[in-house]
Amino acid sequence: MSIQVQNISKSYNKIKAIDAISFEVNDGELFGLIGPDGAGKTTIFRILTTLLLANEGSASVAGFDIVKDYKAIRNSVGYMPGKFSLYQDLSVEENLKFFAAIFGTTIEENYDLIKDIYIQIEPYKTRRARALSGGMKQKLALCCALIHKPKVLFLDEPTTGVDPVSRKEFWEMLKRLQQKGITILVSTPYMDEAALCDRIALIQKGSILKIDEPRNIIKDYQKIIYDVKAKNRHQLILDLKKYPSQYSVFAFGEYIHYIDKNEDFNAADLDNYLKKQLHTEIEIRISNPTIEDVFMDL
Amino acid sequence: MKRFIGFVTKEFYHIFRDKRTMFILFGMPIAQIMLFGFAITNEINNVNIAILDKSKDNETQKIINKIGASNYFKINQEITNENQIESVFKKGKVKAVLVFEKDFIKNMQTSKQAKVQVITDATDPNVANTISNYVNSILQNYTQEINKNNTTSHQIQTQIQLYYNPELKSVFTFVPGVMTIILMLVSAMMTSISITREKELGTMEVLLVSPLKPFQVIIGKVFPYIFLSIINATIILLLGFFVFKMPVEGNLFLLAFESILFITTALSLGILISTVSHSQQTAMMLSLMGLMLPIIILSGFIFPVSSMPLPLQIISNIIPAKWFIIIIKAILLKGATLNVIWKETLILIGMTVFFIAVSVKKYKIRLE
């Protein structure tokens, strides 16, 4: 077991940031903490990386207790904070060299681990980190977090503020790292990224709502979701919310996701209702649930 | 050791790449010392002086004419006896009184040494000093002239007497003072800012989750500034010595030792500030308000401690700069050795140990 968390709670000035959280991450697993901003993801990361002390509960990382053996943990994990935390006035190469030095290693020693990633930013190695794009900054930060060959990698919202293409690349890199035997705990507010994890924990307001494999979470979802579309999107949301048997209505991409309370719901009834409300170009179809749907319903 | 070198290299990159840091480090000391230096060593022009000529002979008349003919002095009045000296000074009309001894010409010809006494009003010590220097050089000039045509040499001895502030206490205080300010600023402010910058940018988070121990981070942060501060102290002393003719009477090794001691005190204070502040701005305000102002006002740099009200005199004791200014003045001006300034040295050592102990205790191994 790479990470073991038992009933961890943490409050800031009597406001509970996380409340009795427990979960486990297996060796070599890519585990995702999925939840909106303010759910307590960063607090969990900081507690596990020994930066904060929990008020209650216990946890271990790579077999070390987070309070007693904090020094050992600091030696064996890689941490990439949510905020870009490299030296902006140092070049790409200097940043990497610095992190290699403070972990008592060299770039050459662990080059094979970062090679795939570093090769992409190597053309800019003399550029100051300040001048890098969001995606390149994240790649550099990942290299710096990996340079000492950590057993466990903590990535706090690594793809926030990164373009979709770079995000996709980033996740491919994580998959490859996982194959090299590194356990990865990653957090993200993007539900679409959740499906790429081995297992995920859905977090909201400091509590874990559900832990499972992404596909099981979707499979377990009982309700039927309808994609609804019409010309006047805004009015459509308002009208759907007025429909007597509506359970939930929320925007999802170009469609509106609609869930009904009744099991014997008939899409034709809804179609008639919307026509009466003078909607045009109406489209209603059954949708495949996603993690986001599950999350919205929790 | 490799970790330490890596860390220090990084610190030097930060320093050399930040124009503001470089300016504070090297532009400011030079600017400050020049400003203070030239503001204090002002030229004198048409200073009113009085003459007390007890001899009234040809020679004294020639000398008086020569002095009166220079642009520097204007002979305001002639007085007839010594009792008047005090009263002309009190009226504030003249800045100096020249007293020619009785039988001036006779002494000059027989004993080859005649005496002129220069009495200056030293309430403004710089002016007083300049006046006596100028009078001296005019007299020397004069003796050279008369000696040219003579086989035997005549001498006029000037006797300088300073009224009201006989030790000329504030002359040359600016070099030790500026040096103290600069060392404090560079060491305390720059270290505290550079440590809080890591907190502010979030890099401290990454440093904490690394095998670096707190003392390694602190020493790595402090080391470049010790190095740069020593360079700074040297620049200031060289400027003082060459540009402003600052005397260096004491032992250079002792001077170096005391300077390094004070740099260490300032650095430990900087670390202490960084442990209590979370942003660069707080650190800067704390350094400026908490360090600079007391140094300027209470250290005796500008206002003599002895003329402060008692409560302030007591408070001034907790300011490290006060002790350093005493030490460095004693070394530079009086050539003091360690057995004179051991007390002040011990106080500085004590303060340093205290600051370091508190910082180590307050240094956080975690985020909050």
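**Notebook: chains A and B of a predicted model**

**Entry 1. Surroundings of A:Gly28.** I began with A:Gly28 and set aside its neighbours within four places in sequence; the residues then in contact with A:Gly28 are A:Gln178, A:Gly181 and A:Thr183. I note at the outset that the model is predicted. I located A:Gly28 in the loop that runs between β2 (15–25) and β3 of chain A.

Entry 2. I next followed the strands of chain A and traced an open sheet of six, in the order β6-β7-β8-β3-β9-β10, with mixed pairing. Which strands stand at the edges? They are β6 (77–80) and β10 (207–212) of chain A; each has a single partner strand, so one side of each has no neighbour in the sheet. From one strand to the next, the twist averages 15°.

Strand β3 (residues 30–34) and strand β9 (residues 199–204), both of chain A, run in the parallel sense and pair over four bridges. For A:Ile34, I recorded A:Leu202 in β9(A) as the bridge partner. Against the sheet packs helix α6 (residues 164–179) of chain A, which touches β3, β7 (152–155) and β8 (183–188) of chain A. The direction of α6 makes about 155° with that of β8(A).

**Entry 3. Chain A as a whole.** I counted eleven helices and 14 strands in chain A. The C-alpha trace spans about 70 × 45 × 35 Å along its principal axes. Of the 298 residues in chain A, 43% are buried. I also considered contacts between residues at least 6 apart in sequence; in chain A, 70% of these join residues at least 24 apart.

For annotation I consulted UniProt, where an unreviewed entry places the feature "domain: ABC transporter" at residues 3–230 of chain A. Over that range the chain is 33% helix and 29% strand, and 47 Å separate the end C-alpha atoms.

**Entry 4. The two domains of chain A.** I recorded the division of chain A into domain 1 (3–219) and domain 2 (225–297). Their centres, taken over C-alpha atoms, lie 37 Å apart. How many residues of each domain are in contact with the other? I found eight in domain 1 and six in domain 2. On the domain 1 side, α7 (191–194) and α8 (214–219) of chain A each supply at least two of the touching residues. The largest share comes from α8(A), with three residues. By class, this side of domain 1 has eight nonpolar residues, with no polar and no charged ones.

**Entry 5. Chain B against chain A.** Lastly, I turned to the contact between the chains, in which 22 residues of chain B meet 23 residues of chain A. Helices α1 (2–17) and α8 (203–208) of chain B each contribute at least two residues to the side that touches chain A. Which element of chain B gives the most to that side? I found α1(B), with eight residues.

Notes. Residues numbered from 1 in each chain as written. Chains lettered and ligands numbered in written order. Predicted model: local features only at pLDDT ≥ 70, side-chain atom pairs only at ≥ 80, totals over all residues. Pairing = 2+ DSSP bridges. Axes fitted to C-alpha atoms, helices over the stretch in contact; angles between N-to-C directions. Contact = placed C-beta atoms within 7 Å. UniProt positions renumbered as here; feature names shortened; annotations may be inferred. Buried ≥ 20, exposed ≤ 12 C-beta atoms within 10 Å, placed from the backbone. Domains from an automatic or database assignment. Nonpolar A, V, L, I, M, F, W, Y, C, P; charged D, E, K, R; others polar.
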